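Please open the model in your viewer and keep the selection tool at hand. The stops below go from charges and rings to a helix and then to backbone angles.

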Amino acid sequence: MDAKIKYSIITVIVIVMAIVVASSMLGTSNDDDPRHVVVTVPALTGEPETGFNPLTGWGCGHMNFNPLVQSTLFKSDKNGNFVNDLATGYNISSDGLKWTVGIRDDVKFSNNETLTANDVAFTFNEARTSNSELDMSNLKEAKAINNHTVEFTLKSPQSTFNYDLRYVGIVPEKDYNNETYGENPIGTGPYVLKQWDKGQQAIFEVNDNYYGDKPYFTQITMLFPNEDSAAMQIAKSHQADIVQVPISGLNETIEGYELLEFYSPRAQGITFPYQNATGAKTTGGADVGNNVTGDSAIRKALNVGINREEIVDSVYKGHAVVEYSGVDHQKYANPNAIVKDNDQEAAKKILDDAGWIDTDGDGIREKNGTVANFTVLYSSDDQARQAIATVVSEQAKDLGINIELEGTDWDTIYSRMYKDSAVFQQSSDNPYRNIYQQ
C-alpha cells in the first residue's frame, strides 16, 4: 500500500532551478595548480553518509551524477546523449523483457583486478536489495552469460531501463562489502578516493588504471559545508574554485569570481495528497488522506491561480524558469500539460462552482463545514523550500485558501506526506521515475 500511496501525490506548482555557481578565476588560497579543483557540495546533496558506494545512493538514485570512482555501462556525451562506457553495445528482446549488454575486455579495477560481466551482474543484483534510493523493483535478475556479456531480465517491459544502466556504478564482486566499501571504494572510474576527512572533505586523484581518456583535472577536492550559507564564506575566503550559490547569495558579487548558470532537471514544487481522509493508514501506520487537498477543485484552483513567475523572481532572483509538470524542459515533455496560471478569476470560479464559499467573511473559504485550510511541510534546513512555501502561502490567501507552514526534518515529512502537503523536489532525468511513478 505504501508504494501506491507514495506516488498518489500530484505536483502542480513547480519550477526548474538553474544551477548557479560562482567560479573562481584566481585559484584557491592554498593551491594554484590549474589541474587541481576544489568544489563545494551543496548541503542538499550532502556528504554521503555511507561513503562513496553507488549501491547506497552515491551518484545515482535521487541525485544522478558521475560517481567518479566507479564506471557505468553508459555515460552521457556533451549533448546529453547516452553513449557506451563499459558497454560495447546492447540489444533488446522482441518482448522487451531481456536486455543483453556487451562488456569491454580491457578494463581493470583500481586494485588491478580485471572487470568481467560477473561484476556487472553482481552489482545489479545487489542493487535490487540495497537499502538506498535505487529503484530496481522491475529487475528480475542480472546474469553473466560469459565474461563479456550480461543479460538483464525484467519483470515487465521498460523502455527507460537504459537510465538504470547509465547511472549505476559497477563495483567488484570479489572485494565488495556493503558495510565497508563506501569508505574504501574500488572502481574502474577516472578517479580513486585518496582521502576522506568525514564532515569536511574528500580528495580524489586520477586512477592510473583508467581505460578512457585521462581527465584534465588530476585532483578533485570536495568540501562539505554543513549549511548552504557556509558555502559563501568559503568562496569569500577563496577556499574553493567552484561554489554552488545559495539563494541568499544570488545577488552578491565576490572578487575573483564570476557567476555561471547551468540548467538542470531539478524541479521543485508542492505536492497535494489527493485522497480524502477516511481513516486509512499506510502499512507503517501513517495517516492517509486530506479532505481539503483531496478535493480536485482546490488542486485545480491553485494550479491556475498561482503566479509561478513571481516564485522565480522572488525566490530565485530570476535564476530559474517556470515549470508546470516537472518535466517541461525534458525531451519527453507534454506541451499540453502547460496551463495559463496567475489567473485568479478562473481559480475563484473553480472554487465557487465546487461549493467552496467564504460564508463568515474571514477571507477563508469553507465547504460543508470544512475550512479550506491545510499544512505545507518543508525541510527546515533548506532556505529555498521555505521561501517557496511562503510565497505560495501568501498567494493562496488571495484565493481564499489558508496554508499553514511547518519547517521540520525529513523523517517527519516522510511520515506525514500522505496526509499533508510538502515541498518536494525531483532531480532525475529518468522518465520512468518522473512520469510513470508519479
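A charge sits over a ring if NZ of Lys or CZ of Arg is within 6 Å of the ring centre and within 35 degrees of the ring normal. With that criterion in mind, and remembering that this is a predicted model, select Arg35 and Tyr216, where the charged end of the arginine sits over the ring, 5.0 Å from its centre. Then select Lys198, whose charged end sits over the ring of Trp196, 5.0 Å from its centre.

Next, turn to the aromatic pairs, of which the structure holds 17. The rings of Tyr90 and Trp99 have centres 5.5 Å apart and planes at 10 degrees, so this pair is stacked; Trp99 is buried at 3% relative accessible area, whereas Tyr90, at 40%, counts as partly exposed.

Now display helix 5 (residues 296-305), in which eight of the ten residues are buried, among them Ala297, Arg299 and Asn303. At its start, a side-chain oxygen of Asp295 reaches to within 2.9 Å of the backbone nitrogen of Ala297.

Finally, inspect two backbone angles, given that most residues other than glycine have a negative phi. Asn112, in the loop between strand 6 (98-103) and helix 2 (117-129), has a positive phi near 80 degrees, while the phi of His238 is positive and near 55 degrees.

Key
Residues are numbered from 1 along each chain as its sequence is written. This is a predicted model: local features need pLDDT of at least 70, side-chain atom pairs count only at pLDDT 80 or more; totals for chains, interfaces and linings use all residues. Side-chain values use heavy atoms; hydrogens and water are left out. Helices (H or I, at least four residues) and strands (E, at least two) are DSSP runs, numbered from the N terminus. Buried means under 20% relative accessible area, exposed over 50%, partly exposed in between (1.4 Å probe, protein chains only). A polar contact is a pair of N or O atoms within 3.5 Å; within protein, one must be able to donate a hydrogen and the other to accept it, and residues adjacent in sequence count only if both atoms are side-chain atoms. Rings of Phe, Tyr and Trp (its six-membered ring) pair if their centres lie within 6.5 Å; planes under 30 degrees apart count as stacked, over 60 as edge-to-face and the rest as tilted.
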